[in-house]
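Please open the model in your viewer and keep the selection tool at hand, as this tour moves from one selection to the next.

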Amino acid sequence: MSSSYATNLVRFTRVLVRRQVMKLPTTTIRKNWLSLSTIGALCAVPFSQKHDGLSHGSLIRRASSLVTDSTNTFLSQTTLALVDSVTQYVKTIHSLVTLHKHYVASASKLTPEEEDSVWKVIVRQRHELSNLRKDVERFESNWMMAVNLSKLAAEAAYDAGADQASVMAQNSLQVAQSHVEQIRQLSLEAEKNLTDSKAESSQRIMLPSSTEEDDIPDAYLRED
């Protein structure tokens, strides 16, 4: 019975969260970024000596173009990883906040078994949220490294005279930063809701025990 109640409550929470998540622009971000990332296909051709008819300057420009292709690929993968992880993080926050809100509102009406079942779900979601937060931090670190490499690659391509490769790297960088800024704003808003709701820090509601009356001394139960 208690397990069934918790399951139904979680399902109801997921429906509400799904409606909220539909407003997130992550699908568009993913589609646009995948389209952009395919512009510069990685086609590294190793070479170690001057080719006939090619000057050192030409070889350096070719090499710098390959570097920008590589950094664009790295940037696209780290951007998608960060966007996906933040999206899941935001979804879990919405789920926890919604579930906690229903728990606080209905705890006094639940049986001890039902309350225990719902509280266990909240604890699991708190643990999941903590793990997702670590994932976001890790992918954000990877993304920042990719951003720095892209900046260096764009500068190197420009200095080598590979203007088209430099422009492509800069465009990819701008798009990535724009997408990450959008998802970061959603994360900040979700975290504010999480803090305001105290869904991650609140203590368990202590329900009156059914044995409390049995513990009252007989003298206080006796009629005068």
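How are Asp196 and Lys192 separated in helix α5? Select both: they lie 4 residues apart in helix α5, so about one helical turn separates them. This is a predicted model, in which local features need pLDDT of at least 70 and side-chain atom pairs count only at pLDDT 80 or more, while totals for chains, interfaces and linings use all residues. Residues are numbered from 1 along each chain as its sequence is written, and side-chain values use heavy atoms, with hydrogens and water left out.

The side chains of Asp196 and Lys192 meet in a salt bridge, 3.0 Å from N to O; the term stands for a side-chain nitrogen of Lys or Arg within 4 Å of a carboxyl oxygen of Asp or Glu. Asp196 counts as exposed at 51% relative accessibility, and Lys192 does at 53% (exposed is over 50%, buried under 20%, and partly exposed in between, with a 1.4 Å probe and protein chains only).

Next, select Asp116 and Lys120, which form a salt bridge whose closest N and O atoms are 3.2 Å apart. Because these two residues are 4 apart in helix α4 (residues 112-160), about one helical turn separates Asp116 and Lys120. Helices here are DSSP runs of H or I with at least four residues, numbered from the N terminus.
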